[in-house]
Every structure is written in structure tokens, then in C-alpha cells.
Amino acid sequence: MARTTPPKAAPRTETPTPPWVPADRAWIESWLASLANERRLSPHTLGAYRHDLAVFGAWASSVNIDRFDGLDSQHIRSYAAAIHRDGLDPRSVQRRLSSLRTFFNYLQREGQMKRNPAVDVAAPKAARRLPEAIDVDRMARLLDGPSASAAADDLDIRDRAMMELFYSSGLRLAELVGLDLPDLDLKDRTVRVTGKGGKTRIVPVGGKAVEACAAWLLGRTTTAKSDEQAVFVGRNGRRIGTRAVQLRVARWARLRGLDVHVHPHLFRHSFATHLLESSHDLRGVQEMLGHANLSTTQVYTHLDFQHLAKVYDAAHPRARRRKD
């Protein structure tokens, strides 16, 4: 197969390099560079792709394959079966196959492969996991409390504003951390969010979140550096990091004595579940969450059904189990 020289990309050392021939290793770097430039994927996602190819490369080496054009669909099936036997859950197998399909599509586009050997290979079926959510009463207990008072320090006020905005607008952790001051319009009660793939959406902000964010913005000036545009900043006056948000949310939940593990994405799941239960507007929830496909949002209809089923089992005379 004729090979052209791929565009140069900076070498990376975070993950072991797959044992391909040098030309194929260069195509891996070219692909990752194209994902970063064309699709604006995050470093975390690019690192996951790199890791998936490294793991596949180690397996290919064990069966004496060192060139991409030596692969066929049977090799990919054998690989999927091997990592599943080693204990990888079906969802993770599916993700690794998706990485391979995406990469081989790129090689096809660049004329380096005649066909995609992963295109017809299916992962083992995974049991559908329902997102976690907490009920409205526990959410109120989490968000209300002493830190909403005038005696709270600036960081407590900031934390409450972050959590209110998480729950009010269903933001992802990276979306909240990435907010800049012009994105938040408290007068209009909206927030402009840049989500996955660089897609932008406008989401409503609830009254409680508006109040909490307004309180934080008043005190933000004493913490933030003068040139910092981030809405939420840390003690150093610069944009707060994702890990810091996770730790502060967990701390807040411990202080409230909640009996569940509270993390930033729990607010997003609870937002979607509660909104769907009250509105039954699946399309509206899809738009606010920024889901590209309605099927992604439909998982929350299962949560709604679970709630109804519990009510039915508790209340309907014919649903009660007979005690022998």
C-alpha cells in the first residue's frame, strides 16, 4: 500500500506508544492532532483515545501484527473478546471499539486503508445504567442552610452559587468551570454554555440560582484577579479547577449530613429527572441538556417510570403483595 507522509504532530509521552511501524505511529499522532484542531476535543478525551490505541497496539503485538493494513474484522473481534474475557465491562469494550472505528475511518479518508475492519464488530450488550438522582427534598436540604446567610464567607457563597447553577440549568462540570462573566446574564436570567464539541446553547437560570450568583458576584471582586474573566475563581483568584469543585461539593454534602455520594454530575441528573417529572417535555429537556440525540435524554423517562412504579406499588390495592 502506498503511503504518504502525514502532517507532523508534537510527540506525546503520557501513554506508551503502540508498537506499530514508524509510519503508522505518525498517523496516530496526525489523527489526534486533527481531533484537537477540527473537533476541538478536550485533552482528557484525546488522552483516552491515545490510551485505547496503546492497549490495542499491545494486543496486536502479542499476535504479531505491526501494521494497520494487516488488520481484518476477525482480528478486531478477537481483540474485543480478549479484553472482555480479561474483565472489561461491555460499556468499556464498546468505547474502545468506537475509538478504533473512528481512527480507521480517518485512515480511510487519508487513503491509508481500503476498508474499516472495526465497522461491523459489535461489543457485548451492556446493561443500561440509569443515572443517579436525588429527590427534591434532599436537594433542598443540600442547597439551603447556614451558608446562605450573611455570616457565610466568600467561598461558601461561591459554592452555593455553583451548586444552584448546576441544579438550575443542568450544567456539566466542564461547562460550569468554563463560564466567563459575559456568559452569565442575571438580568435576562440566562447562561450561555459551551458544551461538547464546542457547541453553544442558551439555558434559563432559576430564581434561586440568580440570587445565589448575584451574591457571589458581589464578593467575587475581593477574590478574583483584575484580569480574570472566569465566573468562578479559586483562592488564588484564577479560574477554579474541576477537582476543586468536586471537593467543595463533597464537603458541602458532608456538612449537610446527606446519606448519598454527592458529585457535580448528580445535580445535572437531578435537574433532568425533576424537570421531566413535572413537565413531561422530553424535547425541551434535551435542548437544555445539550444532547445531540434524543435517545440520550430518553434514559430519564426510565427514571420517571421507576418513580411512578413505586407510587403504584405503594398505593394500589391490587399491587400489594400478599403476606403468607
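Here are some questions and answers about the predicted model shown above.

User: Before we dig in, what kind of model is this, and how are its residues numbered?
Analyst: It's a predicted model, where local features need pLDDT of at least 70, side-chain atom pairs count only at pLDDT 80 or more, and totals for chains, interfaces and linings use all residues. Side-chain values use heavy atoms, leaving out hydrogens and water, and residues are numbered along each chain as its sequence is written, from 1.

User: How many helices and strands does the protein chain have?
Analyst: Helices (H or I, at least four residues) and strands (E, at least two) are DSSP runs, numbered from the N terminus. On that basis, the secondary structure of the protein chain comes to 13 helices and 3 strands.

User: What share of the protein chain's residues is buried?
Analyst: Buried means under 20% relative accessible area, exposed over 50%, and partly exposed in between (1.4 Å probe, protein chains only). The protein chain has 324 residues, and the buried share is 43%.

User: Are α2 and α4 roughly parallel or roughly perpendicular?
Analyst: Axes are lines fitted to C-alpha atoms, for helices over the stretch in contact, and angles run from 0 to 180 degrees between N-to-C directions. Helix α2 (residues 43-62) packs with helix α4 (residues 90-109) at about 95°, and their axes are 9 Å apart. Angles under 35 degrees count as roughly parallel, over 145 as roughly antiparallel, 65 to 115 as roughly perpendicular and the rest as oblique. So α2 and α4 are roughly perpendicular.

User: Which residues of α4 meet α2, and what classes are in that contact?
Analyst: Contact means heavy atoms within 4.5 Å. From α2 come Y49, H51, D52, L53, V55 and F56, and they meet R95, R96, S99, L100, T102, F103 and F104 in α4. Ala, Val, Leu, Ile, Met, Phe, Trp, Tyr, Cys and Pro count as nonpolar, Asp, Glu, Lys and Arg as charged, and the others, Gly among them, as polar. By class, the contact of α2 with α4 has 7 nonpolar, 3 polar and 3 charged residues.

User: How many charged residues are in the contact of α6 with α9?
Analyst: Helix α6 (residues 154-169) and helix α9 (residues 242-256) pack at about 95°, with axes 11 Å apart. In α6, L155, D156, R158, D159, R160, M162, M163 and F166 meet V245, R248, V249, R251 and W252 in α9. By class, that contact of α6 with α9 has 7 nonpolar residues, no polar ones, and charged residues numbering 6.

User: Is P264 buried or exposed, and which residues does it touch?
Analyst: P264 lies in helix α10, and at 5% relative accessibility P264 counts as buried. Its C-alpha is 6.9 Å from that of V249, although P264 and V249 are 15 residues apart in sequence. Not counting residues up to four places away in sequence, P264 touches F166, L173, V245, Q246 and V249.

User: What span does α10 reach?
Analyst: The expected span of a helix is 1.5 Å times one less than its number of residues. Helix α10 (residues 264-279) has 16 residues, with 22 Å expected. From its first C-alpha to its last, α10 comes close to that, reaching 23 Å.

User: Is N64 buried or exposed, and what is its phi?
Analyst: N64 lies in the loop between α2 and α3 (73-85). At 74% relative accessibility, N64 counts as exposed. Its phi is positive in a residue other than glycine, near 65°.
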